[in-house]
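I opened this entry to record what I looked up, going from the overall fold to the annotated segments and then to the contact between chains.

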Amino acid sequence: MLEVTGLRVAYGGIQAVRGITFHVRQGEMVALIGANGAGKTSTLKALSRLLNAAGGSIRYCGKEISALPAHQLICEGIALVPEGRGVFPRMSIVENLLMGAYTRHDKEGISTDREHVFSLFPRLKERAQQLAGTLSGGEQQMLAIGRALMSRPKLLLLDEPSMGLAPLMTQRIFEVIRTVANEGMTVLLVEQNAKLALEVSQRGYVMESGEITLTDEAANLLANPRVREAYLGE
Amino acid sequence: MDIFIQQIINGLVLGSIYALVALGYTMVYGIMGLINFAHGEVVMIGAMVALTVIKLLANSGLPVFVIILLALAAAAVVCMAVGFSIERIAYRPLRNAPKLAPLITAIGVSIVLQNLAMLIWGRNYHAFPPILPTSAHDVFGATITTLQVAIVLIAALMMAGLIVLIHRTRLGRAMRATSENPSIAQLMGVNINQIISITFIIGSALAAVAGLMVSANYSIAHYYMGFMLGLKAFTAAVLGGIGNIAGAVLGGILLGLIESLGAGYIGDLTGGFLGSHYQDIFAFFVLICVLIFRPSGLVGEKVSERA
């Protein structure tokens with residue numbers, strides 16, 4: 001479904017991503033793990049067209065998307081849950097969700113999906129009219145995921161969904177991510193929390209200093225001594 | 001007492017016009033953090049175009065209402081085209097430049113438009129043809145003309161329409177989203193170039209209406225009129241809290257009242273030393289006070305960056 005070949009991302013003269021190659025198959029959840037500054041977020045930003053790739057190709061469903069304007073990506077079926085959540089703080093929860101469905105015009109479908117999001121995150125339903133800026137970090141993360149789902153994406157890109165959240169909240173967020181994946185969503189998950197990410201994914205890529213250094217089935221990576229030492233704190 | 005009421009009425013009329021123009025400043029600032037100093041010239045162009053059409057049709061035998069409507073339509077179309085072009089030609093290439101560059105460009109655009117208007121319409125003052133009804137109504141000893149009533153009502157209607165547009169429609173949501181976080185708005189599928197263009201077009205349409213109102217209210221139009229009017233409206237936007245729609249409305253009306261009451265009483269207050277032609281000092285006195293004591297404006301939020 002998603003095929004990235006030789007992707008490079010640079011800020012000025014500094015190369016954050018140095019020619020990485022990976023792929024995500026339809027219906028799969030793939031984790032991209034690595035330490036802070038390894039280039040994970042830069043990779044996602046290039047995928048979601050917020051940054052221009054300095055080289056390489058990004059093919060999605062057989063189509064080259066590395067030159068597409070950012071606002072057209074969602075029409076292709078790709079939704080990003082950005083690092084730091086990126087909810088619109090001065091809009092209500094409902095309005096944030098409607099922004100997720102901005103490119104859609106089927107009113108009934110939109111309200112069905114809104115109810116679906118509310119069933120995944122009952123907390124959001126209770127606070128539907130509240131401004132997003134007044135929510136806790138965990139609630140904002142729920143909203144950011146819900147908003148991404150409102151576009152009915154085929155591919156969901158998640159950037160550090162556990163960042164800054166209490167362990168209990170992280171668990172609940174990951175339960176929902178698992179539920180969404182079980183419903184058939186294709187997911188690319190970028191996470192610093194390698195253990196959590198690998199536990200919910202089928203495959204994983206390990207990124208270090210802008211390069212992919214290791215790839216395997218998630219279970220194998222979890223058992224890999226190198227990964228255990230570097231990322232699982234053992 | 002009747003002077004007081006008269007000045008309140010005049011202030012409301014003036015304030016409604018300031019508010020319409022201030023909305024143009026505040027909308028553009030809200031979306032792209034830019035003070036569009038050329039906005040006053042758009043108002044001037046609206047006044048000039050409307051006046052030209054009215055002069056052409058004044059003796060055509062058409063009903064006054066139709067003439068005004070045609071003038072307004074012509075002014076709106078021209079202003080919308082001018083506003084759209086300003087953004088495309090002058091601001092878009094500087095989207096990622098340091099803040100100072102578009103600000104200086106805005107002043108440049110303002111000078112270009114003024115000189116263009118001088119070439120087209122000349123240096124002379126243009127009198128508004130006396131086609132409007134001059135009937136006056138008595139209110140508590142003060143008078144209010146039909147024109148003044150129309151100005152206040154139309155301005156109120158347009159502002160209400162704008163607020164509904166921004167808070168109740170899909171386009172309005174996209175505008176607010178772009179204003180809050182342009183890159184995330186893009187991820188939602190919002191074409192922010194399009195939204196910015198639309199913002200300029202809406203602001204310019206309001207400016208066209210304001211232009212017609214000013215020239216009708218003072219019975220005069222001039223190629224240089226946009227400069228002072230623009231500064232006043234900018235002051236109104238800052239007074240309300242720039243970037244805030246309700247603030248622009250409030251700031252506009254307040255500034256109109258302050259100016260009008262100030263002009264009415266400055267003679268008495270200074271024992272005749274200063275006359276009502278010193279009216280302009282009030283606006284700038286207000287601007288200085290706001291900038292010193294409450295830079296975020298009356299309803300503006302404190303600008304703070306969240307980590």
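The notes below follow that order.

Entry one, the fold of chain B. I am working from a predicted model, and I began by counting secondary structure, which for chain B comes to eleven helices and four strands. I then looked up the radius of gyration of chain B, which is 19 Å and close to the 19 Å that the globule rule gives for 307 residues, so chain B is as compact as a globular protein of that length. The C-alpha trace of chain B spans about 55 × 50 × 35 Å along its principal axes.

Entry two, packing. I found that 48% of the 307 residues in chain B are buried, and that, of the contacts in chain B with a separation of 6 or more, 77% are between residues 24 or more positions apart.

Which side supplies how many residues? I counted 19 residues from chain A and 14 residues from chain B. On the side of chain A that touches chain B, α2 (73–76) and α3 (93–100) each supply at least two residues, and α3(A) gives the most, with four residues. By class, that side of chain A has twelve nonpolar, five polar and two charged residues.

Note on methods:
Residues are numbered from 1 along each chain as its sequence is written. Chains are lettered from A and ligands numbered from 1 in the order in which they are written. This is a predicted model: local features need pLDDT of at least 70, side-chain atom pairs count only at pLDDT 80 or more; totals for chains, interfaces and linings use all residues. The radius of gyration is taken over C-alpha atoms; the globule rule is 2.2 Å times the number of residues to the power 0.38. A residue is buried if 20 or more other C-beta atoms lie within 10 Å of its own, exposed if 12 or fewer, and partly exposed in between; C-beta atoms are placed from the backbone. Two residues are in contact if their C-beta atoms, placed from the backbone, lie within 7 Å. Ala, Val, Leu, Ile, Met, Phe, Trp, Tyr, Cys and Pro count as nonpolar, Asp, Glu, Lys and Arg as charged, and the others, Gly among them, as polar.
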